[in-house]
Amino acid sequence: VSTRRQFLRAGTVTLAVGGAALAYRAADQGVFAVSRGTAYALWRTWERTGGIEPVVAAGILAANAHDSQPWRFRVEVTAGPPDEPREAVVEIFRDPDRLLGAFDPFQREVHASIGCAVENIVVTAGARGYRATVDLLPGGAGPDLLARVGLARGPAEPTDLAGAVPRRHTNRFPYQPEAVPAALIAGLDDRLADLGGISVRWLTDDGDLQTFREETVLATEAFIADEDLSRDSHAWFRHSWAELQDEASGLTLDGSVASRPFAAAAKLLPETSLSQANSGFLATTRRGVTSSPLAAVIVADESPAADPTGAREAWLRTGRAWQRLHLALTAEDLVAQPLSQLTELADRERVLGVAPRFGEVLDDLAGPGVLPMMCFRVGYPTRDATPTPRRPLVEVVDYA
Ligand SMILES: Cc1cc2nc3c(=O)[nH]c(=O)nc-3n(C[C@H](O)[C@H](O)[C@H](O)COP(=O)(O)O)c2cc1C
């Protein structure tokens, strides 16, 4: 009996020590703290000040590929007091130290990300009493200056888009089977009319949707089989809570794993290996595309200047279109996720000079006379997505 009691006591101690260690690691890894800490502070504080600071902060809250936040902002007040200017200029630069690597060889996604920031700035400016004028690729100040937004005092006009800015999050979970109403889709098309040759090809045909699903899964398999692509993508993956809080950018388990309990469990394990991340990426993609009732390709009118490797302005506009669509969908309680594997693999084929297998699939889905720019899926949520990290204003904004 005494041996058994000793054994039980030892077991209890082991359990208690193990439990404490696990609890420590749980706290250390932020298991119970989804979207908490300084890396998420901007989502809570961005609207607190007056003037143009919230307008610039909204730019930082925009969608952007891999949450790389490949931008810098330069703000110049040109009329009125600094805290409540009558006129100001916001310039948005790409940050050459935050390019994505082999999966974005022509900086298509960097340009689209900056387009997203431009759109969030324009939308928020209107709601906070500024009229915005956008100049894409304005020249001067070097090749990194991608956009200039002029702001001038005007009437404050709150809109459904502006209200959606803090609620918009990329949703990588499965979606409900319920169809997206056709009238709603037509309304989204109308919203893009001013974006100069950017429109959406909705994959409402069952055959097209099925092709998109299957080919996106195949492109994901090709992505993870390509060492350069998967290595450069993995570099943006944040493994520990400390690293995530420190970098305030990149992909996290909360944003990339399909179920909360699994995300919590995965955080307790040692660093996610490349092969674990790859299989998670494939499984999440397969579940995601299979569940989605609708997908689409954003397309750009083909023009002689808009060759697939040099269409920088069209990519900036595509980013504006994506951000606007995602805000409009959010306002309608729909959720969405960009899926870039097909465009990334088509670019990879261009870089390697091989036959355009995925390139042709994309061209077919997009239809004749247009360039496929960006793919996404849409639906009603099975669960809510949470905010992702953002670097604070002081790290990314310079004042003239
Ligand atoms: C050009 C572009 C491409 C993207 N591609 C993907 C993608 O292939 N898969 C994905 O899950 N999210 C993709 N995203 C979404 C970003 O990962 C997401 O915006 C970023 O992590 C910030 O999170 P948030 O949108 O919830 O604020 C893309 C976003 C942009 C702007």
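Tutor: Let us begin with a rule: a residue is called buried when its relative accessible area is under 20%, exposed when that area is over 50%, and partly exposed in between. Please also keep in mind that this is a predicted model.

Student: Why is Gln-107 called buried?

Tutor: The relative accessible area of Gln-107 is 19%, and the cut-off is under 20%, so Gln-107 counts as buried. Gln-107 is found in the loop between β2 (87-94) and α4, and has a positive phi of about 60° although it is not a glycine.

Student: Is Leu-137 called buried or partly exposed, and how do you know?

Tutor: Leu-137 has 28% relative accessibility, so it counts as partly exposed, given that this class runs between 20% and 50%. Its place is in the loop between β3 (130-136) and β4 (145-153).

Student: What makes Phe-212 a buried residue?

Tutor: Phe-212 has 1% relative accessibility and therefore counts as buried, the limit being under 20%. Phe-212 is found in helix α7, and, leaving out residues up to four places away in sequence, it touches Leu-203, Val-289, Ala-295, Leu-339, Leu-342, Leu-365 and Cys-375. Phe-212 and Cys-375 are 163 residues apart along the chain, while their C-alpha atoms are separated by 9.2 Å.

Student: How do you know whether Glu-215 is buried or exposed?

Tutor: Glu-215 has a relative accessible area of 12%, so it is buried, since the class takes values under 20%. Glu-215 lies in helix α7 (residues 206-225), and beyond its neighbours within four places in sequence it is in contact with Leu-342, Arg-357, Phe-358 and Val-361.

Student: Which residues of helix α8 are buried, and what covers them?

Tutor: In helix α8 (residues 227-234), the buried residues are Leu-229, Ser-230, Asp-232, Ser-233 and His-234, and their cover includes α7, α12 (274-291) and α14 (341-352). Ser-233, for one, has a relative accessible area of 16% and is therefore buried; leaving out residues up to four places away in sequence, it touches His-66, Phe-103 and Phe-223.

Student: What makes the pair of Asp-226 and Asp-228 a polar contact?

Tutor: At the start of α8, a side-chain oxygen of Asp-226 reaches to within 3.1 Å of the backbone nitrogen of Asp-228, and the limit for such a pair is 3.5 Å.

Student: Which residues have the most contacts inside the largest nonpolar core?

Tutor: That core has 70 residues, and those with the most contacts inside it are Trp-71, Phe-73, Ile-92, Trp-202, Trp-322 and Phe-376. Helix α13 (residues 312-331) gives the most to this core, with nine residues. A second, separate core of 30 residues includes Phe-223, Leu-229, Leu-345 and Ala-346. In soluble globular proteins, nonpolar side chains tend to be buried together. As for Phe-73, the residues it touches, not counting those up to four places away in sequence, include Val-56, Ile-60, Val-90, Ala-117 and Val-396.

Student: Which residues come nearest to the ligand?

Tutor: There are 19 residues around the ligand, of which Thr-170, Arg-172, Gln-337, Ser-340 and Arg-390 come nearest. The residues of this shell divide into seven nonpolar, eight polar and four charged.

Notes:
Residues are numbered from 1 along each chain as its sequence is written. This is a predicted model: local features need pLDDT of at least 70, side-chain atom pairs count only at pLDDT 80 or more; totals for chains, interfaces and linings use all residues. Side-chain values use heavy atoms; hydrogens and water are left out. A residue is near a molecule or strand if one of its heavy atoms lies within 4 Å of it. Ala, Val, Leu, Ile, Met, Phe, Trp, Tyr, Cys and Pro count as nonpolar, Asp, Glu, Lys and Arg as charged, and the others, Gly among them, as polar. A nonpolar core is a set of buried Ala, Val, Leu, Ile, Met, Phe, Trp, Tyr and Cys residues joined through side-chain atoms within 4.5 Å. Buried means under 20% relative accessible area, exposed over 50%, partly exposed in between (1.4 Å probe, protein chains only). Helices (H or I, at least four residues) and strands (E, at least two) are DSSP runs, numbered from the N terminus. Contact means heavy atoms within 4.5 Å. A polar contact is a pair of N or O atoms within 3.5 Å; within protein, one must be able to donate a hydrogen and the other to accept it, and residues adjacent in sequence count only if both atoms are side-chain atoms.
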